[in-house]
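This report describes the fold of one protein chain and then a handful of its residues. Please keep the sequence and the model open while reading.

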Amino acid sequence: MTEHTVTVFSASSRQGQAQVDALLGRGHYVRAITRNREIFADRRYAALEVLPAGFSDPDSLVAACAQADVVFFQPPQFGSPELIRSYVANVASAVRNLNVGLAVYNSTMWAPDEPCGEPGYDAVLALENLFVGHGAPTVIFRPVLFMDNLQTLFAKPTLVGEGIYRYCHRPGLLANWISLADVAQFMTDAIDRPDLIGERLVIGGPERLSIEQVLATLSPLIGKPIRHEFVEPRAFGAGLSESLG
C-alpha cells in the first residue's frame with residue numbers, strides 16, 4: 001500500500017474521527033480539517049496536521065486541499081438546503097481545481113440512483129450529483145444505518161435511563177446497521193481501488209436486523225430490558241430540531 005496525503009473534512013465529528021483513526025492506522029499522512037484542534041491533543045495524534053477551514057471560504061478550502069492526494073468529505077448536516085449546496089459546491093471546486101487525485105464522498109445515508117419522490121433521499125442524491133458534476137474523480141459511499149446513533153444524545157439517555165429506544169424506526173423494519181469505524185475502513189480501502197472511481201456503493205453490516213433484534217442484543221449489555229417506542233417522523237424531526245437548536 002502506498003502512503004498518501006489525505007485531507008479529512010469535518011475531522012472532529014464522530015465520522016471524521018473514525019476516518020482519521022483508520023487512515024493513521026494504515027500509515028497515511030493525515031490533514032485534519034477542523035477548528036476544534038484540542039480534540040486531537042492526545043500524543044497519538046502527534047503526526048497529524050490540523051488545519052482550520054470554512055466551507056464558505058474558498059481560499060481556506062484551497063489551503064485544505066493543496067498537495068493532497070485524496071480528500072475525504074461528507075456534507076454538513078446542519079444549515080439551509082441552499083447553504084449546504086453551496087458548501088458542497090465549494091469543496092468540489094477546490095478538489096477539481098487543484099487536480100486532487102481522488103475524492104471519497106460519504107453521503108452519510110442511503111440514496112437512490114434516480115429520484116424516487118421522497119424529498120430527503122432525493123436531496124441526498126442531488127448533493128452527490130452536485131459534487132460529481134464538478135468533474136473530480138469520486139467514489140461515493142452510502143451507509144445504511146449507523147450503529148453509533150445509539151450512543152448519541154437523542155438515543156443513549158433514554159436507552160440507559162429509561163430502558164426505551166424512542167425513534168422514528170418502524171417496528172419490524174430490517175436494516176444492515178454499520179459502525180462508523182467500518183465506514184471509515186471502506187473509505188480508506190477505496191484509496192487503493194482506482195477501479196471504484198465513479199461508483200456509488202451502498203454499505204452496511206453483514207446482518208439485516210430488525211430494531212427488536214438490536215434491542216434484544218443491547219438489553220443484557222445495558223443490564224435492563226429495552227423496549228421500542230415508535231415516534232412519527234415529523235414529531236421526531238421537530239424534537240430533534242429543538243434539541244439541536
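**The chain as a whole**

The model is a predicted one. The chain holds eight helices and 13 strands. Its radius of gyration is 19 Å, close to the 18 Å that the globule rule gives for 245 residues, so the chain is as compact as a globular protein of that length. Along the principal axes, the C-alpha atoms fill a box of roughly 50 × 45 × 35 Å.

Of the 245 residues, 44% are buried. The accessible surface of the chain is about 12,500 Å², and carbon and sulfur atoms account for 54% of that surface. Contacts between residues at least 6 apart in sequence were also sorted by separation: 72% of them join residues at least 24 apart. As for charge, there are 19 positive and 26 negative side chains, and the centres of the two sets lie 4 Å apart.

**Helix H6**

Helix H6 covers residues 180-189. Which of its residues are buried? Leu180, Val183, Ala184, Met187 and Thr188 are. These residues lie on the same side of H6, because they cover an arc of only 135° around the axis.

Helix H7 runs over residues 211-222, and Ile211 belongs to it. Is Ile211 buried or exposed? With a relative accessibility of 0%, Ile211 counts as buried, because the cut-off for buried is under 20%. Leaving aside neighbours within four places in sequence, the contacts of Ile211 are Tyr165, His169, Arg170, Pro171, Gly172, Leu173, Trp177 and His228.

Not counting residues up to four places away in sequence, Leu218 touches Leu150 and Ile226. Leu218 and Leu159 are 59 residues apart along the chain, while their C-alpha atoms are separated by 9.3 Å.

**Helix H8: Arg234**

Arg234 is a residue of helix H8, which spans residues 233-244. Its relative accessible area of 75% makes Arg234 exposed, because exposed means over 50%. Between Arg234 and Cys168 there are 8.7 Å in space, C-alpha to C-alpha, and the two residues are 66 apart in sequence.

**Loop residues**

The loop between strand S5 (102-106) and helix H4 (119-132) contains Thr108. Thr108 is buried, at a relative accessible area of 12%.

Glu114 has its place in the loop between S5 and H4 too. Glu114 counts as exposed, with 59% relative accessibility. Not counting residues up to four places away in sequence, Glu114 touches Asp122 and Leu125. The C-alpha atoms of Glu114 and Ala126 are separated by 9.5 Å, and the two residues are 12 apart along the chain.

Another loop, between strand S1 (5-8) and helix H1 (14-25), holds Ser10. The phi of Ser10 is near 55°, a positive value in a residue other than glycine. Where does Ser10 stand in accessibility? Ser10 is partly exposed, with a relative accessible area of 23%.

**Distances side by side**

The C-alpha distances given above are collected here.

| Residue pair | Apart in sequence | C-alpha to C-alpha distance |
|---|---|---|
| Arg234 and Cys168 | 66 residues | 8.7 Å |
| Leu218 and Leu159 | 59 residues | 9.3 Å |
| Glu114 and Ala126 | 12 residues | 9.5 Å |

Note on methods
Residues numbered from 1 in each chain as written. Predicted model: local features only at pLDDT ≥ 70, side-chain atom pairs only at ≥ 80, totals over all residues. Heavy atoms only, no water. Helix = DSSP H or I, 4+ residues; strand = E, 2+ residues; numbered from the N terminus. Buried < 20%, exposed > 50% of the residue type's maximum accessible area, 1.4 Å probe, protein only. Rg over C-alpha atoms; globule rule 2.2 N^0.38 Å. Contact = heavy atoms within 4.5 Å. Areas by Shrake-Rupley, 256 points an atom, 1.4 Å probe, with all protein chains shown as cover. Lys, Arg positive; Asp, Glu negative; His and termini not counted. Charge placed at Lys NZ, Arg CZ, Asp CG, Glu CD. Arc of directions from axis to C-beta.
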